[in-house]
Amino acid sequence: MSNNTIYTIAAWQHLVETAMLGSDKMQPSADLFTGHLDELYRIVNKNEATDPEEKVLQLTAAVANYRRCGTKPLQVHEISTNEAPPEHLPYCSQPAARVLRHIINEENKSLLQLWLEQCAERQCIVVPELLPLLLNAAERWKLPHALVTAVGGKRALWLAGYNSRWQLAPEATDEAQWQEGTTEQRAAALSRMRMADPETARNELVALWSKESANVRAALLSILEINLSDADLPWLEALKADKSQKVKEVVFRLLRRLSASAVVQEYQRLAPGIVAIRKEKKLLGLSSRQVLSIQLPEPHKEALYATGISKTSSYTGFANDESAIYDFITGIPPQFWETSSGMTAAAIIAVFEADKNYKKYLPAIAAAAIAFKDASWLTALAQNDAAYYPELIPHLPEAARKAYLLKGIESAPDAVIEAVTHDTEVWDQELAAKILQHTAAAPYQYNPGFYSRNIHLLPFSVKDILPQVGATNKHSQYAWESMKEHIERLLSLKQDIYQSFNQR
Amino acid sequence: MALAPDASSAKAGRDLANPARWESRCADEGALWGACKGSGSKPYQAQIDTGNIAFKCSCPSRKFPCKHGLGLMLLYARQPDSFTKEARPQWVSDWLDKRTEREEKKSGKKEKPVHTAAQAKRADARQRGVEDGIAELLLWMKDIVRNGILSMPEKKQSFFKDMAGRMVDAKAPGLAGMVKELGGISYYKEGWQSVFMDQLSALYLVATGFLNRDKLPAALKEDILSLTGFTQSKEKLLEKPGITDHWLVLGKQVSEDEQLTTERYWLYGARSGHLALVLQFGFYRQGFNFSWSPGMVVDAHLIFFDSAAPLRALVRDQNPVNAHIPYTALESWAQIAMQETALYRVLPVATERPYILRQIKPVRYKDCWWLCDQEQAIVPLKEDFARLHLLLAVTGGHATDMAVLGCENNFEPLGVWASGKYISLA
């Protein structure tokens, strides 16, 4: 810094201090106007007609100009720079970048995820100017970390280092999360371990079992439901003596799903006394029919309560005993009813359906079919035209599932729609058309947000049928027309995603 | 979408970029027009002058361009084939004819008989009125200096507003604006005292400069008159020669003060190397003649206002063009300091200006962000620069050619050249 610059800065600071106190209390001192400013001070002060305030203003204006003219950049000899590493993958095309900007501005998470998947699939990365937008969106919508990292390239990782809200550093391993994470992170890590290697996951839980609180034990034990098998049986049987009621509830819930467990064996022993299918003669013995008798004898009650079944009702419309019976039935492999009655699954279902008092137990049989993964019973229940069980949908084989969805969209549309929103594949065209028809009648329930969230599941082919879909009542006509435009726009954006990536 | 006045308009415009929303969509070589279904019984008639990018719509929106204009333009950009080619209807040709007429009037307005004596009398009266106002302003400033500026943070806004109002009454709106700026200083920030004295001294220079205007060089006198609030005659300006060039829009700033919207465009001329500032004013965001976005190249004829260091310009004839333009950049911050020094020598009340600098990179130094040139000279990045992460994203911390805006030691990047294109940081 030159002497002149030093003098100017000193004079400026002195003038600011003078102005702070006021010229009534302080006057600019000649001592601080040295070097090239000495003459300036003399010229201003020479004029005796000028009042002290104006002298301060004159000096300030002149020194400000000296200061501006003397401003120089700061010269540094060594400055550490942090440059982003070079990229090895190509950038996405400009059309794809335009679509990405559009989608982020639209705040559509579903399409954004689709765009990112397409980008990752084609092994290209986001152009740098869109990274802040993308990282903000990733933070706001909690987008899959691995996906954002894959399409953000090295620049995104580098950039995330300058904003603590953008967490792009590699995530801790499952092992580290299991050992050191929050209960939520540990549960997520254990779930992943359980899916990949059930035995190791169980052993990890066993190893830390005694160190956990009852609440945490109950929460983590529930995860064994994933890939539950007879290999878990010895440990679960041992846990029946756990001191915590919460833990015991989970233990029995799991044991009721293992056919080899003592609980399920005991249920099968008690079953004839609780649920009985017998032949009843009709028309003076000329014909007969199967009738159902369900009751909970007093001596059986304690045996059921000892297996974690609640004494009080857990279900609306069920009395205490009925609720216990319901839970009891969910713990019996459906195959048992065939063996004990000598009837087919379809016939047994028909007997339940025929009894207005007992058909309410069929959902318990459906729950048992799901728990014991009984494909023949799942199919039989799906073929029962008298009732619809949406909970079967994820467990049916693909062909049966499609038919069951189409059947359900008429009788239980809301449940079917809820189930298929969890799909990972694009909806079948026929199903999508039926969903459109149903939602057209309820555009306030299935509002634009519904289609924004699920646009990735809607096939392009619905674009052709959309104009023909109309609202069923005139009150929702305007809303549905506006919804159709929304759907068309979303489809068009979705199409833009594929087209922009295919243009490369 | 860069033309959208705000995010909600951009979103609404995108919603309308859907053929289903338009009852008709037409285009010819100079215009787009269409009828958009709205909530009223009649559709809104939207039209766009594609030659000089201007919008008009029959909707009641006060935003400009409105969502219908944006939607129509975006739809055309995406699906030009969905537009039919038809003869212009009356409402479109009327509007375009009026625009052409207005342009012609601007470029060659017929001379009206001038009553020189009356004009001189009015000008004299105004100047006397401004002088009277300045006398009061100087007293007000001296009171501040006498009593000390430490009490400024406690002053009510009326302290500044009243004096600004007095300057408006004195027909010195430029001085009124400078007084208002004193009231707008962030008094809670450290170092406000220096900022206040800086602005007070500029106000003093303009005010006393006006009183001594006849002793000033002609060009500087024009600057002082402009800063006081005297407008230069557009008619006279348009008679002067200008510069025809391909102008790169380096940046766009929009500010609003009550109903008045001001658009500031910072331009760089490819052939001339000139930098320019073009201002547009609108009430309720209406009444703008053109709409440019940063990074756009405009083939335009600019006429510069009289000034000791010409920067502000009027636009006569402009057409957006699709072109990449070459540019000449300064090599270092030291060169900018030299240019600034030369500028203050002729124009001591100069404000921020754009510069193009070669190979600048953002760096961290002493816990702050700086802009570093090739000679390891650094200048602090403007404290409230909102696009730091975008700057980092596009540069990756590497040196790039950069357009900056500022003065003295306070600069913000407007855009950078990366991968062969100009990327705006606005």
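Q: Before we start, what does contact mean here?
A: Contact means heavy atoms within 4.5 Å. This is a predicted model, where local features need pLDDT of at least 70, side-chain atom pairs count only at pLDDT 80 or more, and totals for chains, interfaces and linings use all residues. Residues are numbered from 1 along each chain as its sequence is written, chains are lettered from A and ligands numbered from 1 in the order in which they are written, and side-chain values use heavy atoms, leaving out hydrogens and water.

Q: Thanks! Which residues does B:Ala27 touch?
A: Leaving aside residues up to four places away in sequence, B:Ala27 touches B:Leu32, B:Trp33, B:Tyr76, B:Phe83, B:Thr84, B:Lys85 and B:Glu86.

Q: And where is B:Ala27 placed?
A: In strand β1 of chain B, residues 22–27. Strands (E, at least two residues) and helices (H or I, at least four) are DSSP runs, numbered from the N terminus.

Q: Is B:Ala27 buried or exposed?
A: Buried, because its relative accessibility is 6%. Buried means under 20% relative accessible area, exposed over 50%, and partly exposed in between, with a 1.4 Å probe and protein chains only.

Q: How many residues separate B:Ala27 and B:Thr50 in sequence?
A: They are 23 residues apart, and their C-alphas are 9.6 Å apart in space.

Q: Switching to helix α8 of chain B, which residues are buried there?
A: In α8 (residues 218–228), they are B:Leu220, B:Asp223, B:Ile224, B:Leu225 and B:Thr228.

Q: What do they pack against?
A: Against α4 (116–147), α6 (173–183), α7 (192–211) and α10 (333–346) of chain B. Just after α8(B), B:Gly229 has a positive phi of about 125 degrees.
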